[in-house]
Structure formats: C-alpha cells, structure tokens
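Please look over the interfaces and the backbone of the model shown here. Where do its parts meet, and what holds the eye along the chain?

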Amino acid sequence: MTYKLFNDLEGNTAGVQLLAEQKFIPFDEANRDYQEYLEWLAEGNTPEAADG
Amino acid sequence: MSTIAVNAITDANGGNTTSINNTTPNAYNTVGKNRIINGNFDFWQRGTTASYSVTSSQYLADRWHMRTTATANVTISRQSFTLGQTDVPNNPKYFYRWDITSHTSGSGILEQRIEDVSTFAGNTCTLSFYAKCNTTQTLSSTYIQVFGTGGSSDVTTSGSSFSLTTSWQKFTATFTLPSISGKTIAGGDDYLNIRFYMPDTVCTVDLAQVQLEAGESATEFEHRPYTTELQLCQRYYFILSGNLFSTSYSTASLGNVFHPVTMRATPTYSATTNTGGHSLNPQGPNIGYIYSGTGSTSSVTGLAGDAEL
C-alpha cells in the first residue's frame with residue numbers, strides 16, 4: 001500500500017492519494033479512509049511527496 | 001368542508017389512545033421511525049452484485065457494510081421479488097442475498113452503522129426484518145455502541161438468534177441499549193452498529209425490510225419516498241454517473257463538484273475513469289473540484305464520494 005500527498009490549487013497539501021485504488025482522501029478526522037492512513041503512518045510509513 | 005377543533009381525542013374507554021384507520025398515533029410511528037437506511041434494499045449505487053473471498057470489508061448495497069473474517073467465498077447480490085407475492089407484505093421490489101459459496105472457517109458479518117452513538121441509548125428499541133435461507137440455519141445479532149476515534153471503548157449488547165427456514169418469516173427482537181452517561185464521544189465518527197452474523201457454512205441467506213424503531217414492538221415497515229431514501233443514502237455515498245468536465249484556462253483546467261446532499265464528513269473521491277489524470281479534491285461535506293495542472297480536458301467519469309462510517 002502506497003500513499004502520495006496531493007495539493008490544492010494554492011499548492012497547499014490538501015490530502016493523500018491511495019495510489020492502488022486511485023482514492024483521493026481528505027485530511028478529515030471523521031473520514032474512515034483518513035483514519036486508515038493515520039494507522040499506516042503510525043506503523044512508520046511515509047507518503048510520497050506531492051507533485052510540484 | 002368541516003373543521004374539528006378539540007384539545008384531545010379519546011377512545012371509547014376514555015383513554016387518549018384512540019386509533020385512526022387502525023393505527024394509534026404515537027411518538028414511534030411518525031415519519032422517520034425506521035433508523036435503518038435502505039432497509040428495503042432499493043438502492044445499490046455501487047453495483048448490484050459482487051463476489052468476495054477470504055477477508056473483505058466492503059459496501060455494496062447502500063449503507064450495508066459486509067465483512068468477512070472467514071476463509072470463505074461470498075457473493076452479494078440484489079434479488080427481485082416476484083410481482084404480486086405476498087410472503088413479504090406491501091410489494092417490496094428487492095431483497096438482499098448473501099450467498100456463501102465455499103466456507104472453511106470464520107464468520108461473515110452484515111451490519112449497518114447508524115450515525116450517532118446516542119441513537120436509542122438508554123432506551124428500548126425493536127429490530128424487525130424478514131429472512132429465509134435455502135437450508136435451516138441460525139442468524140445471530142449483536143448491537144455495538146461505538147464512540148468514535150479517541151472516544152470511549154465500544155459497548156456491546158448481546159442480541160438474539162433467529163432460526164431461518166426456507167420460507168420467508170418476520171423476525172423481531174426487542175432490546176434496551178445502555179445509557180451513554182459518562183462516556184466520551186470524539187472524532188465525529190461515532191455510531192450504533194446493528195450487526196448480523198451469517199451462518200458459518202455454505203448456504204444462501206436472504207433479507208428484506210429491515211427496521212429499527214423505538215419501543216417494545218415491531219410496527220409495519222416504513223416506506224419512505226424514493227427520493228428521501230436516496231438522499232439519506234447520499235449523505236454517506238454518491239456517484240455521479242456520466243462525464244464531468246473541467247474548463248481549460250492557461251495551462252490548467254478546473255471543474256467544480258457539487259455533492260447531491262451535504263455529506264456526513266468530507267468524502268473520499270474516486271472515479272471510474274480518469275484518463276486525464278485529474279486531481280480529485282474534496283473540499284468539504286458539500287463541495288469539491290477536479291483539477292489538472294497540465295490543462296487536460298478529458299472527462300472524469302463516475303466520480304464518487306464516500307463518507308461512510
């Protein structure tokens with residue numbers, strides 16, 4: 001499982017993309033996909049950087 | 001036309017429980033009494049059949065979460081009632097089929113996560129549904145209060161077991177949920193979980209007209225307007241069938257996305273087809289946008305928003 005950050009129009013980090021499923025996940029604590037991402041981070045993983 | 005203006009309507013014995021067309025108005029049979037969404041299995045925005053193997057955690061019928069902790073193969077599908085049948089009353093169109101095609105070990109779970117853990121907390125409520133199986137099997141249930149990320153630990157209330165036969169039967173279970181006094185709710189993702197445990201063997205289970213309501217008895221299944229029920233589903237998941245286009249300007253392109261209803265949380269976006277490589281940016285519970293830094297104007301097809309619990 002690999003995640004990649006993505007930016008909004010202003011170039012700020014807006015969320016994280018789950019690459020295998022092409023899901024765009026917002027940084028919203030109430031979002032269950034975001035909670036899974038946090039668990040993945042807690043395991044010591046690091047997401048790919050957003051496109052410039 | 002006449003007008004009746006009175007302070008109370010009483011029955012012949014002097015009580016205030018008079019009935020109208022054989023129904024006694026009370027707090028429990030008003031519109032919205034059924035806390036289960038899509039209990040009639042009318043809405044399948046993600047598709048009407050899918051097969052799963054080993055450990056899965058998926059939504060297919062709207063609002064119905066299926067999970068297998070089993071070495072098993074399961075096919076979920078929407079099935080149609082025969083027109084005019086009377087085994088399940090009031091002409092429902094569809095029922096939910098859980099078909100276990102192979103099984104070695106473990107359990108299958110079908111559940112609905114009802115937003116807000118305070119639902120019926122400290123109160124008595126009644127679960128009712130119709131079910132059958134191609135062989136005589138037992139379906140069991142349990143009810144779990146989930147207090148959200150960072151909240152109190154889950155509280156589980158044991159449920160009933162139901163003996164399924166090859167004919168449709170109506171089953172009911174009345175139970176009292178614990179109070180949430182002294183608990184901590186956090187994270188914005190708390191819910192009451194109504195959970196069914198499927199039989200641990202090869203068989204085909206069918207379910208229809210699932211209802212959870214306040215009170216000590218099961219009343220007639222609530223038929224809400226089609227649009228109302230769909231909008232209730234879309235608070236948790238929507239899909240925009242068709243093409244979504246962005247407008248090109250300079251070297252970029254941008255298109256707004258308006259959600260059909262305000263969602264429970266900012267949703268996760270995905271798309272059936274996104275050949276232009278658009279970034280899909282959910283911005284909040286009711287709006288988002290698609291964006292291409294290369295100016296691609298290829299359409300995004302089947303954009304979906306998921307804010308399920």
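The model is predicted.

**Chain A against chain B**

Contact involves 17 residues of chain A and 24 residues of chain B. About 1,600 Å² is buried between the two chains. Carbon and sulfur atoms give 50% of that area. On the chain A side, A:Leu9, A:Phe24 and A:Arg32 lose the most area to chain B. Together they make up 41% of what that side buries.

The polar part is as follows. There are 10 residue pairs in polar contact across this interface, both residues at pLDDT 80 or more. The rule also finds 1 salt bridge between the chains. A:Arg32 and B:Asp306 form a salt bridge through their side chains, at 3.0 Å from N to O.

Three elements of chain A give two or more residues each to the side that touches chain B: strand S1 (3-7), strand S3 (23-26) and helix H1 (32-42). S3(A) gives the most, with 4 residues. By class, this side of chain A has 7 nonpolar, 4 polar and 6 charged residues.

**Domain 1 against domain 2 in chain B**

Chain B divides into domain 1 (49-221) and domain 2 (235-306). Their C-alpha centres lie 32 Å apart. Domain 1 puts 5 residues into the contact and domain 2 puts in 4 residues. The two domains bury about 400 Å² between them, with 38% of it on carbon and sulfur atoms. B:Asp62, B:Arg63 and B:Glu115 supply 82% of the area that domain 1 buries against domain 2, more than any other three residues.

The count between these domains is 1 salt bridge. The side chains of B:Arg235 and B:Glu115 meet in a salt bridge at 2.8 Å, N to O. The domain 1 side has no nonpolar, 1 polar and 4 charged residues.

| Side chains | N to O distance |
|---|---|
| A:Arg32 and B:Asp306 | 3.0 Å |
| B:Arg235 and B:Glu115 | 2.8 Å |

**Backbone angles**

Most residues other than glycine have a negative phi. B:Asp116 has a positive phi, near 90°. B:Asp116 sits in the loop between strand S4 (108-115) and strand S5 (124-133) of chain B. B:Asp116 counts as partly exposed because its relative accessibility is 33%.

B:Gln209 also has a positive phi, about 45°. This residue belongs to strand S10 (residues 203-214) of chain B. Is B:Gln209 buried or exposed? B:Gln209 counts as buried, because its relative accessibility is 3% and the cut-off for buried is under 20%.

Methods: Residues are numbered from 1 along each chain as its sequence is written. Chains are lettered from A and ligands numbered from 1 in the order in which they are written. This is a predicted model: local features need pLDDT of at least 70, side-chain atom pairs count only at pLDDT 80 or more; totals for chains, interfaces and linings use all residues. Side-chain values use heavy atoms; hydrogens and water are left out. Buried means under 20% relative accessible area, exposed over 50%, partly exposed in between (1.4 Å probe, protein chains only). Contact means heavy atoms within 4.5 Å. Buried area is the accessible area (1.4 Å probe) that two parts lose on being put together, summed over both. A salt bridge is a side-chain nitrogen of Lys or Arg within 4 Å of a carboxyl oxygen of Asp or Glu. A polar contact is a pair of N or O atoms within 3.5 Å; within protein, one must be able to donate a hydrogen and the other to accept it, and residues adjacent in sequence count only if both atoms are side-chain atoms. Ala, Val, Leu, Ile, Met, Phe, Trp, Tyr, Cys and Pro count as nonpolar, Asp, Glu, Lys and Arg as charged, and the others, Gly among them, as polar. Domain bounds come from an automatic or database domain assignment.
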